[in-house]
Amino acid sequence: MIYGNFTWWIGVVEDRDDPMKIGRYRVRIQGYHTGDKSVLETEDLPWAMTVQPVGSAAVSGVGHDGTGLVTGSTVVGFFSDGENEQMPIIMGSLGGVDTLLPNTQAGFYDPKGVYPKEDFIDESSLSRLARGGDVAENHISLGLRRDTRITGVPMARPDNFAGVLDTAPTVSNKSETEDDVPRWDEPDPQGVKKSVSEYPYNKVRETECGHVFEVDDTPDNKRILNYHTSGSFEEYHDNGDHVQKIVGDDFEIVYKDKTLYVDGNLTMSVKGDVNMKVDGNKIEDIGGDCYTTIRGGRFTKIVGNDVTEVISDQKLSVDGSRFTVIGCQSQDPDVTIPFVGGVPAGTDNLVVKGKSETQIASNKNENIGGRNVISTVAGFKLFSSLGSADITTLKDINLAAGSTSNISLSAGNAYIGSITDTKITTTTFGVDASGKATVDGATGVDVLAGGEANIKIDAGATVDIDGTTVDIDGSSGISLN
């Protein structure tokens with residue numbers, strides 16, 4: 001035979017710091033090596049290679065690394081050189097029940113005194129998660145997941161609106177400590193209040209620092225778990241639920257498209273800020289209602305145009321003050337408005353195809369640097385005030401009506417005052433008073449009729465003309481009736 005007789009053995013790993021880093025271990029082999037370290041030190045033990053499974057290529061970095069054993073592991077193997085017994089190869093490890101703590105001074109023990117751990121003395125060497133039931137509840141990872149499970153996370157919900165049919169909708173600012181705020185809970189670890197995993201269905205791989213990988217085939221509770229010792233984990237429950245918890249930062253980078261389809265509801269609860277930057281377009285299509293509650297301020301800057309189309313009614317309720325500034329900085333072409341015509345871009349235009357009503361409980365002030373034009377195409381414009389109405393402008397005020405229309409002023413007293421001249425130009429001018437009509441001028445009163453026009457003074461009673469000097473001059477005659 002090329003390799004000689006097959007000779008197998010059982011030993012204990014005492015060193016795994018392979019200087020060549022090819023997955024070798026120093027093993028003290030029972031029946032071949034003494035346990036007296038004064039005779040045979042750990043450093044003098046032979047290096048043993050490991051047999052990897054057929055699923056591992058074991059070449060050019062492809063396959064398993066073969067470094068899963070720890071010092072203190074009990075292994076079984078054979079000598080590849082047969083009766084020469086100088087080239088050990090490890091075929092696998094052996095578990096069981098450890099009854100003694102490591103003795104660092106003797107052979108066949110972990111020289112570092114780590115394995116077996118004190119908590120696992122007189123206990124199966126299998127993971128507690130693999131054994132399931134009450135034992136699994138004592139595993140540190142499952143206990144930590146239950147202890148750190150979050151509950152009662154507030155959800156977004158519509159605030160109270162008085163209703164779209166009310167005169168003015170009102171919003172009540174709710175506190176998130178109220179009992180009626182909807183909340184959600186993190187699902188229970190393993191999807192149940194208490195572990196129902198059964199041996200031997202739960203296949204568990206556990207690393208030295210506490211990473212855990214479970215593939216649980218327990219009937220009625222089939223699961224998959226990837227657990228990081230920090231507390232982050234990803235778990236798939238028996239009903240298909242997926243739970244992912246990241247105790248640190250979470251980064252996801254997608255270089256192409258990403259599509260998310262949710263057949264049910266989507267809930268997001270963020271305790272900090274939400275920062276979203278979109279370099280392209282953002283499109284939202286909402287089939288139902290959209291509720292937005294902002295408990296602080298709202299600041300919106302639009303570099304381009306802002307277009308809002310409301311097919312039905314729109315209502316705006318402002319409990320405090322409202323300020324609107326039209327900067328007129330737009331360089332766009334003029335726009336055309338029905339009945340109005342072309343208006344320069346940057347102006348403020350309001351077109352109401354139906355009725356427009358404004359109710360002001362207190363004062364209203366308008367300061368107009370240019371012209372103020374009020375025009376009605378059909379019907380009439382009614383201005384009504386229960387208090388005073390002041391119109392102040394730095395330039396002209398023009399009141400114009402059609403050739404067959406009237407301008408009427410009705411009041412208890414009517415006063416027209418000007419710093420310089422007051423001029424009334426019309427085809428026919430009449431002063432009609434049911435009481436006394438007085439024309440008074442501090443420096444004089446001139447009544448002029450140009451060309452061949454007439455001035456007629458007609459009274460049913462007495463006409464008094466009184467003055468220091470009274471001049472009556474008529475080029476063709478004087479008639480007093």
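Two strands count as paired if DSSP finds at least two bridges between them. By that rule strands S12 and S13 pair, with 5 bridges in the antiparallel sense, and they form a hairpin with 5 residues between them. The model is predicted. Its protein chain holds 3 helices and 20 strands. Of the 481 residues in the chain, 19% count as buried. Among contacts between residues at least 6 apart in sequence, 49% join residues at least 24 apart.

**The barrel**

- A closed barrel is built from 5 strands in the order S1-S2-S3-S5-S4, and its pairing is mixed.
- From one strand to the next, the twist averages 55°.
- Thr50 has Ile90 in S5 as its bridge partner.
- Strands of a sheet pair through backbone hydrogen bonds, in either a parallel or an antiparallel sense.

- Strand S12 spans residues 202-206 and strand S13 spans residues 212-216.
- Glu206 stands opposite Val212 in S13.
- In the turn of this hairpin, Gly210 has a positive phi of about 120°.
- Cys209 is partly exposed, because its relative accessible area of 47% falls between the 20% limit for buried and the 50% limit for exposed.

**Aromatic pairs**

- The whole structure contains 3 aromatic pairs.
- One of the pairs is Trp9 with Phe79: the ring centres are 6.2 Å apart and the planes stand at 50°, so this pair is tilted.
- Trp9 belongs to strand S1 (residues 8-15) and Phe79 to strand S4 (residues 74-79), so their pair ties together parts that are 70 residues apart in sequence.
- Tyr32 and Phe79 also form an aromatic pair, in this case edge-to-face, at 5.1 Å centre to centre with 65° between the planes.
- Tyr32 lies in the loop between strand S2 (25-29) and S3, while Phe79 is in strand S4, so this pair ties together parts that are 47 residues apart in sequence.
- Through these ring pairs, Trp9, Tyr32 and Phe79 are linked into a cluster.

**Burial within the cluster**

- Trp9 and Phe79 are both buried.
- Phe79 has a relative accessible area of 4% and is therefore buried, the cut-off being under 20%.
- Tyr32 has 36% relative accessibility, so it counts as partly exposed.

**Arginines over rings**

- Arg128 places its charged end over the ring of Phe120, at 4.6 Å from the ring centre.
- Arg145 has its charged end over the ring of Phe233, at 4.8 Å from the centre of that ring.

**Cysteines**

- The number of disulfides is 0, where a disulfide requires two cysteine sulfur atoms within 2.5 Å.
- Cys290 counts as exposed because its relative accessibility is 57%, and the exposed class begins over 50%.

Technical notes:
Residues numbered from 1 in each chain as written. Predicted model: local features only at pLDDT ≥ 70, side-chain atom pairs only at ≥ 80, totals over all residues. Heavy atoms only, no water. Helix = DSSP H or I, 4+ residues; strand = E, 2+ residues; numbered from the N terminus. Axes fitted to C-alpha atoms, helices over the stretch in contact; angles between N-to-C directions. Phe/Tyr/Trp six-rings, centres within 6.5 Å; stacked < 30°, edge-to-face > 60°. Buried < 20%, exposed > 50% of the residue type's maximum accessible area, 1.4 Å probe, protein only. Lys NZ or Arg CZ within 6 Å of the ring centre and 35° of its normal. Contact = heavy atoms within 4.5 Å.
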